[in-house]
Amino acid sequence: MSVPRFWRRLKNLYNLIGTHCEKCGGYFYPPRNMCPKCRRNGIVNPFKFNGYGEVVTYTIVHTSAKDYSKLTPYILAIIKLDEGPRLTSQVICDHSDIHIGLRVKAAFRKLGEESDKGMIYYGTKFVPI
Amino acid sequence: MNVGIVSYGAYIPRYRIRVDEIAKVWGANANSIIDGLMVFEKSVPDIDEDTITIAVEAARHAINRANIDPEKIGAIYTGSESHPYAVKPSSTVVAEAVGATPNLTVADFEFACKAGTAGIQACMGMVGSGMTELGMAIGSDVSQGAPGDALEYTAAAGGVAYIIGNKNLVANIEATYSYTTDTPDFWRREGMPYPEHGGRFTGEPGYFKHVASAAQGLMDKMNTRPSDYNYAVFHQPNGKFPTRMAKMLGFQNEQIKQGLVVTHLGNTYSGSCMMGLAAILDIAKAGDRIFMTSFGSGAGSDAFSFKVTDRIEEIRNGAPSVEKLLADPVYINYATYARHKGKIKL
């Protein structure tokens, strides 16, 4: 990930800030500028999710890209936030504890780093409640 | 100057390594080390945790505990001796992650183990002078100990955040006093992964001289005695130093017991005595007086006198207590510890 690309998404990664359509009540993460249902009639504003949700499904990654080698094996899951949207994130817990339906909350963690001399990327992962 | 603590929050990683597990690797006598240090185990950060992530979690707990509006925080100072970047502030990440940006000032502090209390004093000045309504001082560290070095048995991970203000206080800061000299008892040079220290030299001319001078200086300034305080907490690089320090100053074991968290946490460096203070606030009652003295190698000490208000009951359960954060640890072996601490290079 390039530095500008990370910087543009920084607020969304740090605090799960997405968007909410006040017309149809839809919630979006990552944020959408236009409501896919209401289209141009939608009223879309930034929305900070409360950070709670549950595991919809998951996998344990044993063969990872080089950037994630220190973390391997790690749990990658689809989380359904309490407000509705689903997102893909790591879940930090013992591998014997992960299961579909596990209640989780957001935690602030390192997402990765470019190298020993490169930028460190921070953001949201999930831990069991 | 009516300034004090508006809220506080702590964070401790879940992993622990026992002292006997480290001693086993280096062929050392575990019982002798445990007796000497009065430390049984220490916290270890997860692979994706560092000083910044710990500072953010502690800061969020502080904000949530008293339902603080983060936009009212006008200053954030993060004290640490393990900032992830040599150049690039930890505090900007913290400020952004707690929603305090952009209208505030931030800076990183470094003074070995007392950078967090230096942050409290800076916030006191900002709030007391009317420059800002609220300030946040954080002590956070993932401290380093070279493999096999004495520091490896205690160098731990954790962080504490204090929000300083002049309204809705849970504890008034009655006074503060500092004592500082140029005493090179511990250091880490630029680019070096592990600190060096003066061995036994860190004791008498370092820790004991500075903590005793700051503590006594504050009591002389306020005309108070150890018996005037319900609780006392001193910087805890191990269990033995603060216990001996308390005795030398005339405090009783009962006064330091609640704040002595080092035995099952290790030395959280910039968060050390601030973590002990948080453990005391977790159970303190209105009217209780607390005495705290930090120590940072290099060397200096900051002493504080607090008086708890009845608002403590209103906010106490708004964030996890230190006792809860210490509970239910996951114990790891030395190989996993080495991986978590980056001692194995990939």
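This is a predicted model: local features need pLDDT of at least 70, side-chain atom pairs count only at pLDDT 80 or more; totals for chains, interfaces and linings use all residues.
Biologist: Which pattern of helix and strands does chain A follow along the sequence?

Modeller: Chain A holds 1 helix and 8 strands. Its C-alpha atoms fill a box of roughly 45 × 35 × 20 Å along the principal axes. Read along the sequence, the pattern is α-β-β-β-β-β-β-β-β.

Biologist: What is the bridge partner of A:Glu54 in E5(A)?

Modeller: Strand E4 (residues 52-61) of chain A runs antiparallel to E5(A), and 8 bridges join the two. Within E5(A), the partner of A:Glu54 is A:Lys80.

Biologist: Which residue takes a positive phi in the hairpin of E5(A) and E6(A)?

Modeller: E5(A) also pairs with strand E6 (residues 86-91) of chain A, in the antiparallel sense and over 6 bridges. A:Leu76 has A:Gln90 as its bridge partner in E6(A). The hairpin has 4 residues between the strands, and the residue with a positive phi, near 130°, is A:Gly84.

Biologist: How many nonpolar residues are on the side of chain A that touches chain B?

Modeller: The contact takes 12 residues from chain A and 15 residues from chain B. On the chain A side, helix H1 (3-15), strand E7 (103-113) and strand E8 (120-128) each supply at least two residues. By class, that side of chain A has 3 charged and 2 polar residues, and the nonpolar ones number 7.

Biologist: What distance separates the centres of domain 1 and domain 2 of chain B?

Modeller: The domain assignment of chain B gives domain 1 as 4-170 + 313-340 and domain 2 as 175-311. Taken over C-alpha atoms, the separation of their centres is 16 Å.

Biologist: Which element gives the largest share of the side of domain 1 of chain B that touches domain 2 of chain B?

Modeller: In chain B, 52 residues of domain 1 are in contact with 43 residues of domain 2. Elements that give two or more residues to the domain 1 side include strand E1 (4-11), helix H2 (30-37) and helix H5 (115-128) of chain B. The largest share, 6 residues, comes from H5(B).

Definitions and conventions:
Residues are numbered from 1 along each chain as its sequence is written. Chains are lettered from A and ligands numbered from 1 in the order in which they are written. Two strands pair if DSSP finds at least two bridges between them. Two residues are in contact if their C-beta atoms, placed from the backbone, lie within 7 Å. Ala, Val, Leu, Ile, Met, Phe, Trp, Tyr, Cys and Pro count as nonpolar, Asp, Glu, Lys and Arg as charged, and the others, Gly among them, as polar. Domain bounds come from an automatic or database domain assignment.
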